[in-house]
Structures are given as structure tokens and as C-alpha cells.
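Please look over the sequence and the structure shown here. The paragraphs that follow take up a few features in turn.

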Amino acid sequence: MMPIEMISQMKVMESYAFVAPVLFIMVHILRPLLFIPVLLLCITGGLVFGLLAGTIYSIIGLMISSIIFYLIIHLLPAIEKRCKRLEEKLLGNELSLNTIQIMLLRMLPFIHFHLMSFCIYKKSVSFSSYLRTTFLTVIPVACFYTTLGKTIQEISIYYAIPLVVMVIILAYLVRRKQVIIKWQTFFQQNTA
């Protein structure tokens with residue numbers, strides 16, 4: 001028979017099996033306030049929970065965080081104006097990102113997660129369309145960085161740098177190609 005101490009330790013460990021995922025998801029929700037990068041949390045999820053569970057917990061945490069962002073933006077117009085100014089400053093006035101670009105840009109560690117959420121917010125016609133697009137753009141991030149966390153000991157910087165460059169090139173290649181000609185330039189009078 002097992003000693004009583006060993007049984008009580010196993011019960012404590014079982015209770016942590018439920019608490020740890022909840023705490024991990026809570027950290028994802030509080031991540032913007034704690035200034036923790038998304039990739040760091042997803043990598044941690046891969047290290048702590050493994051590939052499948054870490055990916056699922058990261059997707060849940062990122063989706064809840066994105067829902068809270070949507071509600072804040074929707075209810076507080078001042079925050080929406082600040083996000084719009086930030087978007088114009090970083091991405092330009094006339095840039096409209098498609099879903100694949102947002103998906104690829106979210107995978108880059110130096111792109112702000114909620115700036116991409118704001119781009120999704122702007123192009124969404126409803127809350128359900130926002131959720132659908134957010135879900136599609138969160139899955140690759142969670143899968144990639146959780147896998148990276150699971151195999152962190154094996155990856156070299158020599159593989160990481162070309163991978164980031166490849167994602168940047170892909171984001172450029174799938175951009176929306178359009179030419180904008182200003183009214184004055186189009187109807188400019190010839191002085192010759």
C-alpha cells in the first residue's frame with residue numbers, strides 16, 4: 001500500500017493539473033497589462049504543457065484577450081482613436097491588410113499583437129466576423145511558438161533568422177496590390 005504522504009502529494013498534484021492551465025490562460029488575458037510578448041507565453045506553454053495542450057491553452061487565452069480588446073475598443077472611442085493613430089503611424093494611412101498578411105505578421109515577434117487585432121476590428125462587419133478572423137490568425141501563432149517551445153533545445157539561431165526573413169517576404173508577397181493616384185495628379189494640367 002502507498003503511504004498516506006504519497007497519496008496526499010498525488011492529490012495536490014492532481015489539483016495543480018487543473019489550476020495550471022487556468023493560471024496560464026489568465027496570464028494570456030493579463031499579458032497586455034504585464035507587457036509579456038505573445039511568443040514568450042506560447043513558448044512557455046509548449047515547455048510546460050506540451051504541444052497539444054499548450055497550443056489549445058494559448059488559443060483559448062489569445063481568443064479571450066482578443067475578445068476583451070474588441071469590447072474595450074467598441075465601448076471606448078478614445079482608445080479606438082489612439083489605436084487608429086498608432087496604426088497610421090506604423091502602417092501608413094492607406095494600408096489595408098488582408099487576413100493572410102495579418103496571420104503572417106502576427107507570427108513576427110516585433111509586431112504588436114493588438115495592432116493586428118485592431119486591423120481585424122476595422123475590417124470586420126460584425127463581432128462574429130471579428131472572432132472568425134481572429135481565430136484564423138491566432139492558430140498559426142499558437143501552433144508555431146508552442147512547437148518552438150517544445151523543441152527549444154534543438155533549434156539554432158541559424159534556423160530562426162531565415163525563418164523570420166521568410167515570414168517577412170511572404171507577408172510582402174501576399175499584400176494587396178493597388179495603385180492610388182491622387183485626384184490632383186490625375187487631372188493635372190499640362191503646362192507644355
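A salt bridge is a side-chain nitrogen of Lys or Arg within 4 Å of a carboxyl oxygen of Asp or Glu. In this predicted model, the count by that rule comes to one salt bridge. The side chains of E87 and K122 form a salt bridge, with 2.9 Å from N to O. The pair links distant parts of the chain, since E87 sits in helix α4 and K122 in helix α6, 35 residues apart.

How far is each partner covered? Buried means under 20% relative accessible area, exposed means over 50%, and partly exposed lies in between. E87 has 3% relative accessibility and therefore counts as buried. K122 has 39%, so K122 counts as partly exposed.

Two packed helices are described by the angle between their axes and the distance between the axes. Helix α6 covers residues 113-123 and helix α7 covers residues 127-150; the two pack at an angle of about 145 degrees, with their axes 9 Å apart. Their crossing is right-handed. On the α6 side, the residues in contact are F113, S117, I120, Y121 and K123, and they meet Y130, T133, T134, T137 and V138 in α7.

L52, I56, I60, I64, I68, L71, I72, L75 and L76 make a nonpolar surface patch of about 780 Å². One of these residues, L76, lies in the loop between α3 (51-75) and α4 (77-91). L76 counts as partly exposed because its relative accessibility is 44%.

How values were computed: Residues are numbered from 1 along each chain as its sequence is written. This is a predicted model: local features need pLDDT of at least 70, side-chain atom pairs count only at pLDDT 80 or more; totals for chains, interfaces and linings use all residues. Side-chain values use heavy atoms; hydrogens and water are left out. Patches are made of residues with over 30% relative accessible area and no salt bridge: like charges are joined within 9 Å, nonpolar side chains (Val, Leu, Ile, Met, Phe, Trp, Tyr) within 5 Å. Accessible areas come from the Shrake-Rupley method with a 1.4 Å probe; for residues, only the protein chains shown count as cover. Helices (H or I, at least four residues) and strands (E, at least two) are DSSP runs, numbered from the N terminus. Buried means under 20% relative accessible area, exposed over 50%, partly exposed in between (1.4 Å probe, protein chains only). Axes are lines fitted to C-alpha atoms, for helices over the stretch in contact, and angles run from 0 to 180 degrees between N-to-C directions. A crossing is left-handed if the near helix is turned anticlockwise from the far one by less than a right angle, and right-handed if clockwise. Contact means heavy atoms within 4.5 Å.
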